[in-house]
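Please read it alongside the sequence and the coordinates.

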Amino acid sequence: MNKRTWGSVLAVSMLAIILAGCSSNTKETIDSTNAGASASEGPKYTFRLADTHPEGYPTVVGDRKFAELVNEKSGGRIKVEVFPASQLGEEKAVIEQVQLGAIELTRVSTGAMGGFNKEYEVFSLPYIFNSDEHLWKFLESDKGSALLDSLESSRMKGLAYYSSGARNFYSTKPLAGIADMKGLKVRVIQNKVNIDLMEALGANATPMAYGEVFGALQTGVIDAAENNYPSYDTSNHYQQAKNLILDQHQRVPEVLLISKITWDKLSDADKKIISEAAQESVATQRAEWDRFEKQSEEKIKAAGVTITEVTDFTPWREAVKPVIEKYRADYSDILDAIKKAE
Ligand code: GTR
């Protein structure tokens, strides 16, 4: 190459660099000023979403729908990788990681959130919701949305609630009525309300991680635990604790969370993408919940579990009244909103 050719190569290259610079500046301007700009323009992210449940469980179906919608709405720019089956750790440890921003997203039980945000303990109060319909009317109310936002003080942001049905006790020992609860060692999700609840029923609360419950039932470290039909099924607890009583003591919804550290980094347009995708994934999760819950119920019945239906909830409601009374003053405004949603 002679000097002249070198000169033109240099000039063309410089022009290319200048143009590239201009176009990237233009992009940034569009991203930060115009939320309606093409969704595929802007920073690229890959977020991890942790869930304790196995693939195919209704919450994981919801997580995957959320990930698909985020991908679609961002033109492939924001990816959410779902890690089911506690691959990233048990709920309490995952929530701590989410607070630090080390894991960006998680789906957990609001029961597990009780230890991190006092307001969330309200969901563990017994018999405050009469049905799933009542629960959802509350979750979709202004107070329900305010509770999602209130997590910001705990370094997280709630994006959406998911269905989780009613929780029932199950034991390795006979469990045909409230009197059989006396003296049972019952595993609970760790929070203060659950400990008081077990005391009111004459049982002993043993808080432990979900993943340890099967082994603890097997070795007799605990006698009993409690959960909804799908968890009782997929955790295989029904193979160890074969006495189930349908007392429906709690309806503890699930919640999809994002780390506040992650949230604060996002542009308004990306916040909108994440929020809308979360809200839109709820319909899929709820439909899958209804289907899966019936399927689990049939499986449990066919597995030869002894199931006791509760026809009169009065003795249960009476026994746990002191728990509600103890917390009523702390949660009076939330409890009023729950009552209003009846
Ligand atoms: C399930 C819930 C899980 C976990 C589990 C538990 O119903 O979906 O997220 O909290 O209960 O009892 O630990």
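The secondary structure of this predicted model comprises 14 helices and 11 strands. Of the 342 residues of the protein, 48% count as buried. Topics are grouped below, from the whole chain to individual elements.

**Overall fold and surface**

- Among contacts between residues at least 6 apart in sequence, 76% link residues at least 24 apart.

**Helix 14**

- Helix 14 spans residues 332-340, and its buried residues are I334, L335, A337 and I338.
- Viewed down the axis of helix 14, these buried residues fall within an arc of 160°, so they line one face of the helix.
- In general, an α-helix has 3.6 residues a turn, so residues three or four places apart point the same way.
- The other side of helix 14 carries the exposed residues D336, K339 and K340.
- The packing partners of the buried residues of helix 14 are helix 5 (132-139), helix 6 (142-149) and helix 13 (314-328).

**Y45 in strand 1**

- Y45 belongs to strand 1, and this residue has a relative accessible area of 19%.
- Y45 is classed as buried because that value of 19% falls under the 20% cut-off.
- Although Y45 and R77 are 32 residues apart along the chain, their C-alpha atoms are separated by 6.5 Å.
- When neighbours within four places in sequence are set aside, Y45 is in contact with R77, I78 and K79, as well as with K265, L266 and D270.

**Cavities**

- The model contains three cavities of 30 Å³ or more.
- The largest cavity holds about 40 Å³ of space.
- Its lining consists of A50, D51, T52, S86, L88, G89, E91, V94, T106, R107 and V108.
- Strand 1 (45-51), helix 3 (91-100) and strand 3 (105-109) each contribute at least two residues to the lining of the largest cavity.
- Strand 3 provides the largest share of that lining, with three residues.
- By class, the lining of the largest cavity is made up of four nonpolar, four polar and three charged residues.

Methods. Residues are numbered from 1 along each chain as its sequence is written. This is a predicted model: local features need pLDDT of at least 70, side-chain atom pairs count only at pLDDT 80 or more; totals for chains, interfaces and linings use all residues. Side-chain values use heavy atoms; hydrogens and water are left out. On a 1 Å grid over the protein atoms alone, a cavity is a set of points where a 1.4 Å probe fits but cannot get out, and a pocket is an open set with protein on both sides within 12 Å along at least five of seven lines; lining residues have an atom within 4 Å of a point. Grid points are joined across faces, edges and corners, and a volume is the space filled by probe spheres set on the points. Helices (H or I, at least four residues) and strands (E, at least two) are DSSP runs, numbered from the N terminus. Ala, Val, Leu, Ile, Met, Phe, Trp, Tyr, Cys and Pro count as nonpolar, Asp, Glu, Lys and Arg as charged, and the others, Gly among them, as polar. Buried means under 20% relative accessible area, exposed over 50%, partly exposed in between (1.4 Å probe, protein chains only). The arc is that of the directions from the helix axis to the C-beta atoms. Contact means heavy atoms within 4.5 Å.
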